[in-house]
Amino acid sequence: MADTTMKVDSETRDRFAAVAAAQGKSVRAYLAELAVEEENQLALGRATAAFREAVSKPGIAEAFDAAFGGLPSSASTRRAA
């Protein structure tokens, strides 16, 4: 993979360097991990939105309970509380 250069202000560079050093990583490794984490958060946000949309449709929760037997009785008690 080819290297590239990004321009950031020196305060931001120093902050990235400090966080990376605190984790025992190079800035390069820290930024690579940060990118993966942020991509995962974006994907999780999209999945959460899709889930919320799906379960908000009438009858979905009831259909799920019918197909999979619903929550165990102890969980139902906690959910009602």
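How do the residues of the lining of the largest pocket divide into nonpolar, polar and charged? The structure is a predicted model. Three exercises follow, starting with this pocket.

**Exercise 1. Describe the largest pocket and its lining.**

Step 1. Take the volume. The largest pocket holds about 470 Å³ of space.

Step 2. The lining has 13 residues, and the closest to the pocket centre are Thr4, Met6, Val27, Arg28 and Leu31.

Step 3. Sort the lining by class. Eight residues are nonpolar, two are polar and three are charged.

Step 4. Assign the lining to helices. H1 and H2 each supply at least two residues. H2 gives the most, with four residues.

**Exercise 2. Work out how helix H1 packs against helix H2.**

Step 1. Two packed helices are described by the angle between their axes and the distance between the axes.

Step 2. Read both values. H1 spans residues 10-22 and H2 spans residues 27-55. Their axes lie 9 Å apart, at an angle of about 90 degrees.

Step 3. Classify the angle. Angles of 65 to 115 degrees count as roughly perpendicular, and H1 and H2 are therefore roughly perpendicular to each other.

Step 4. List the contact. From H1 come Phe16, Ala17, Val19 and Ala20; from H2 come Val27, Tyr30, Leu31 and Leu34. Eight of the contact residues are nonpolar, with no polar and no charged ones.

**Exercise 3. Find an aromatic pair that links H1 and H2.**

Step 1. Search the whole structure. Two aromatic pairs turn up.

Step 2. Check the geometry of one. The ring centres of Phe16 and Tyr30 are 6.0 Å apart and the planes meet at 50 degrees, so this pair is tilted.

Step 3. Phe16 lies in H1 and Tyr30 in H2, so the pair ties together parts 14 residues apart in sequence.

How values were computed: Residues numbered from 1 in each chain as written. Predicted model: local features only at pLDDT ≥ 70, side-chain atom pairs only at ≥ 80, totals over all residues. Heavy atoms only, no water. Axes fitted to C-alpha atoms, helices over the stretch in contact; angles between N-to-C directions. Parallel < 35°, antiparallel > 145°, perpendicular 65-115°, else oblique. Contact = heavy atoms within 4.5 Å. Nonpolar A, V, L, I, M, F, W, Y, C, P; charged D, E, K, R; others polar. 1 Å grid on protein atoms, 1.4 Å probe; cavity = no way out; pocket = protein on both sides within 12 Å on 5 of 7 lines; lining within 4 Å. Points joined across faces, edges and corners; volume = space filled by probe spheres on them. Phe/Tyr/Trp six-rings, centres within 6.5 Å; stacked < 30°, edge-to-face > 60°.
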